[in-house]
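Thanks for taking a look at this with me. My notes follow as numbered points, to be read beside the model.

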Amino acid sequence: MTATATATARRPDAAAAPAEDVIEVQGMAAGYDGAWILEDIGFTARRGEVLGVLGRNGVGKSTLVNGLLNLGPTVTGRVLIKGRDVVGWPTHRIVRLGIGIVPQGRGIFGNLTVEDNLRLALFGARATAANGWTLERVYDSFAKLGQRRHVSASALSGGERQLLAMSRALLTQADILILDEPTEGLAPMVVEEVIVGNIRSLRREGVTVILVEQNIALALDLADQAIVLSDGGIVFCGSADTLKQREDIQNEYLGV
Amino acid sequence: MEYYVIQSLNALVFAVILLLSGLGLSVVMSLMNFVNLTHGSLYLLGSYIAVFWMATGQPWYLAFPAAFLGGAAAGLILDRFPFQLFYARTHLMQVLLTYGLSVVFADLMRWGFGAHIATPQIPELLRGVVFILDTPFPIYRLFVLASGVVLAAGLWFLFDRTIWGAVVRACVVDTRIVEALGINTKHVFTAVLALSCGLGALSGALGSGILAAFPGLDEEILILAFIVVVVGGLGTFSGVAVSALVLGFTMTFAKMLSPEFSNLMSLAVMAGILIWRPDGLIAATRREV
Ligand SMILES: Nc1ncnc2c1ncn2[C@@H]1O[C@H](COP(=O)(O)OP(=O)(O)O)[C@@H](O)[C@H]1O
Ligand SMILES: [Mg+2]
């Protein structure tokens, strides 16, 4: 039922310089109040790659990514982020290693302005690997946010909220970005513009992306590697190209 | 006419003291979901600090920062132990802990500062009266009124216009997401508790020249501060301000109309407001994530 083999297939263009494992999870279990949702989880994510995390609704994808940051679930096992075992660390210390998250639902503070939402991340940022994100760079990259910087964040559209949440996570000086269902509730045009384009450009800049998605086609398009969760464990771990071919897995575990 | 103007000024002065002590209580309750019944003790501690400071002959105006720092230091210690152990526990446990502590603090202060009514030696500069519409009014009260307005404006600026305020307002909504932005929310809690205790003591220092300092005042102030917070609506700056004004005016004018029933009358007004608006005058900002 569970497969702990790490993904080994490598992007052809990355073959020259073996990319470092920025996330390495071994024998991880995660759950709530003593009831384990996930057990014996193992996978790795390499620098600059997009890792898709797939599985049916309620299978534990959010539990997994929140668990990496100690953001709610109870976690045991080993979670190495840039070589540091972070199990039991308070969330803010893990984040300061340079790993940012856009939680499911985005976590935008509607009682703050757009700019204050962004400044919160700068306030906390102590990442060792500063990635050079500043307010100016965010406003340059996403003019919409710049125009609405003094507006209450509750006034933003769904796509703008997603942009804000992504920028905010990057402003923690993250070079690893977790996106938990970023396309949820967005119109297809907005998905193409806000999600697809930006994940591609982040990948070009060397940001590692953990992409939790219900939209399988989109995830397999963007991802280099993928893991599939089912029944509390990993049932597929390998390259996204392989998973594209494996219609059996897609049918059985993803309900395609 | 003059009489009403003077009484209104008195009401404003009283409202300022209620506002400052209520704000400290309110921010801790809305941010940390922590019921701190030692808030009245910190008020009284601040009053005693002011009384003793002004008796030493040191520059009088330093009594106020001294009271603030004394209260904030007490807050830092209390946060370390035992408050942190109770932040995540039920309100009943918090009430038991902090009520017990407030009784201990009351005894300590009675032992340390005596059971008599202690009044500060108000400095020359603030002693006399000014004539407002030909009626004398103590300068010290005007000083309290002005300081309170300046402090309240400063606090409003801090919470509404600075990044520290934004961090606190975000924590009120969801501390987990604030943590996920790399911010140590435990430190935020500690800082807010210290600020709250400092404000409690500072309002005590300002109030000492009007209400003096004596055993039992801690409880009276605690109850009034609680009424202000609950009636104003938890977690709203403007709510606390409006309700401090309402309570300040009803108490002052109720005393004027009928001294023996004044407490009953003002409590009835506050209860009436709560029946009319169960969430307080200004309902707290909705959780928005
Ligand atoms: N805070 C929580 N407390 C208890 N159980 C939870 C909590 N959050 C999620 N769960 C349970 O954990 C399981 C996995 O949820 P989740 O990780 O959100 O799934 P997914 O993100 O894959 O849809 C579900 O059965 C859900 O009911
Ligand atoms: Mg989820």
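How many nonpolar, polar and charged residues does the shell around ligand 1 have? I take that up in point 1, after two remarks on conventions. This is a predicted model, in which local features need pLDDT of at least 70 and side-chain atom pairs count only at pLDDT 80 or more, whereas totals for chains, interfaces and linings use all residues. Residues are numbered from 1 along each chain as its sequence is written, chains are lettered from A and ligands numbered from 1 in the order in which they are written, and side-chain values use heavy atoms, with hydrogens and water left out.

1. The shell of ligand 1. By class there are three nonpolar, five polar and two charged residues. (Ala, Val, Leu, Ile, Met, Phe, Trp, Tyr, Cys and Pro count as nonpolar, Asp, Glu, Lys and Arg as charged, and the others, Gly among them, as polar.) Surrounding the ligand are A:Tyr32, A:Ile37, A:Arg56, A:Asn57, A:Gly58, A:Val59, A:Gly60, A:Lys61, A:Ser62 and A:Thr63; a residue is near a molecule or strand if one of its heavy atoms lies within 4 Å of it. With three residues, helix α1 (residues 61–68) of chain A gives the most to this shell. Helices (H or I, at least four residues) and strands (E, at least two) are DSSP runs, numbered from the N terminus.

2. Polar contacts of ligand 1. Oxygen atoms of the ligand have a polar side-chain atom of A:Thr63 at 2.5 Å and one of A:Ser62 at 2.8 Å. From A:Val59, a backbone N or O atom lies 3.3 Å from a ligand oxygen atom. (A polar contact is a pair of N or O atoms within 3.5 Å; within protein, one must be able to donate a hydrogen and the other to accept it, and residues adjacent in sequence count only if both atoms are side-chain atoms.) On its own, ligand 1 has 550 Å² of accessible area, and the protein covers 57% of this. Accessible areas come from the Shrake-Rupley method with a 1.4 Å probe; for residues, only the protein chains shown count as cover.

3. A:Gln104 is partly exposed, at 35% relative accessibility; buried means under 20% relative accessible area, exposed over 50%, partly exposed in between (1.4 Å probe, protein chains only).

4. The open sheet. Four strands of chain A form it in the order β2-β1-β4-β5, with antiparallel pairing. β2 (35–46) and β5 of chain A are the edge strands, each pairing on one side only. Two strands pair if DSSP finds at least two bridges between them.

5. Pairings within the sheet. β1(A) and β2(A) share eight bridges, and A:Ala30 stands opposite A:Leu38 in β2(A). Seven bridges join β1 (residues 21–32) to β4 (residues 74–81) of chain A; there, A:Gly31 has A:Thr74 as its bridge partner, and A:Gln26 stands opposite A:Arg78. Two bridges join β4(A) to β5 (residues 84–85) of chain A, where A:Ile81 stands opposite A:Arg84.

6. Two hairpins. The hairpin of β1(A) and β2(A) has two residues between the strands, and A:Asp33 takes a positive phi near 50°. β4(A) and β5(A) also form a hairpin with two residues between them, and A:Lys82 in the turn has a positive phi of about 50°.

7. Other backbone points to check. A:Asn70, in the loop between α1 and β4 of chain A, has a positive phi near 55° and is partly exposed at 29%. A:Asp231, in the loop between β9 (225–230) and β10 (233–239) of chain A, has a positive phi of about 50° and is exposed at 64% relative accessibility.

8. Chain B. The peptide bond from B:Phe81 to B:Pro82 is cis, with omega near 0°; B:Pro82 is in the loop between α3 (63–80) and α4 (91–113) of chain B. B:Gly233 is buried, with a relative accessible area of 0%, and its C-alpha is 3.9 Å from that of B:Gly280, 47 residues apart in sequence.
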